[in-house]
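This report describes a protein chain, from its overall fold to individual side-chain contacts. The sequence and the structure are shown first.

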Amino acid sequence: MDGVESIIAKLEQQRDAIERALDALREVGGVSAGTATVPAKRRGRPPGKKFSAEARRRMSEAQKRRFAEKRTAEAAPEKAAPSSKKRGGLSAAGRKRLSDAMKARWASKNPPKKLAAQKTE
């Protein structure tokens with residue numbers, strides 16, 4: 001049983017060393033040794049930095065003014081350009097020219113393949 005007791009003694013020594021290191025770090029960080037947890041860093045606007053009533057009123061008026069301008073602009077649209085007629089599709093001749101051009105392009109990119117074994121009759 002001496003083996004188990006020596007393991008326990010070593011673990012207790014390690015625990016004591018860890019506790020001393022934690023205490024030293026807490027002193028450097030300004031945290032008291034009695035508290036085990038460090039408070040989480042607060043997110044968002046720092047407390048106490050709030051807008052004054054006058055500032056909130058000015059922001060509210062400015063926002064209302066922007067929305068009112070937007071509403072009036074949407075309610076009375078400016079003179080729009082006369083709508084153009086829908087243009088027709090391709091003519092038959094145009095469609096034929098495109099088809100020929102695409103076929104020529106495809107043929108230039110994909111030359112005919114030679115047959116590996118030609119039939120001999």
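This is a predicted model: local features need pLDDT of at least 70, side-chain atom pairs count only at pLDDT 80 or more; totals for chains, interfaces and linings use all residues.

D23 is partly exposed, its relative accessible area being 30%. Both R26 and D23 belong to helix α1, where they stand 3 residues apart, about one turn of the helix. An α-helix has 3.6 residues a turn, so residues three or four places apart point the same way.

## Overall architecture and confidence

The protein chain contains 3 helices and 0 strands, and the order of its elements from the N terminus is α-α-α. Of its 121 residues, 3% are buried.

The mean pLDDT of the protein chain is 82, and 80% of its residues reach 70 or more. When confidence is compared in the protein chain, α3 has the highest mean, 94, and α1 the lowest, 90.

## Helix α1: length, end and surface

Helix α1 covers residues 2-29. At 1.5 Å a residue, its 28 residues should span 40 Å, and the end C-alpha atoms are 41 Å apart, which agrees. Just after α1, G30 adopts a positive phi of about 80°.

Which residues form a nonpolar patch on the surface? The patch consists of I18, L22 and L25, whose accessible area together is about 290 Å². I18 is located in helix α1. This residue counts as exposed because its relative accessibility is 51%, the cut-off for exposed being over 50%.

The structure holds 5 salt bridges, one of which joins the side chains of R57 and E61 at 2.8 Å, N to O. Helix α2 comprises residues 53-75, and R57 and E61 are 4 residues apart within it, so about one helical turn separates them. R57 is partly exposed at 40% relative accessibility. E61 is likewise partly exposed, with a relative accessibility of 40%.

## Helix α3: span, exposure and a further pair

Helix α3 runs over residues 92-109. Its 18 residues should span 26 Å at 1.5 Å a residue, and the end C-alpha atoms are 26 Å apart, in agreement with that value. How many of the 18 residues of α3 are buried? The number is 1, so the helix lies largely in the open.

K96 and D100 form a salt bridge in which the closest N and O atoms are 3.4 Å apart. Because these two residues are 4 residues apart in helix α3, about one helical turn lies between them. K96 is exposed, at a relative accessible area of 52%, whereas D100 counts as partly exposed at 37% relative accessibility.

Conventions. Residues are numbered from 1 along each chain as its sequence is written. Side-chain values use heavy atoms; hydrogens and water are left out. Buried means under 20% relative accessible area, exposed over 50%, partly exposed in between (1.4 Å probe, protein chains only). Patches are made of residues with over 30% relative accessible area and no salt bridge: like charges are joined within 9 Å, nonpolar side chains (Val, Leu, Ile, Met, Phe, Trp, Tyr) within 5 Å. Accessible areas come from the Shrake-Rupley method with a 1.4 Å probe; for residues, only the protein chains shown count as cover. A salt bridge is a side-chain nitrogen of Lys or Arg within 4 Å of a carboxyl oxygen of Asp or Glu. The expected span of a helix is 1.5 Å times one less than its number of residues. pLDDT is the predictor's confidence in each residue, from 0 to 100.
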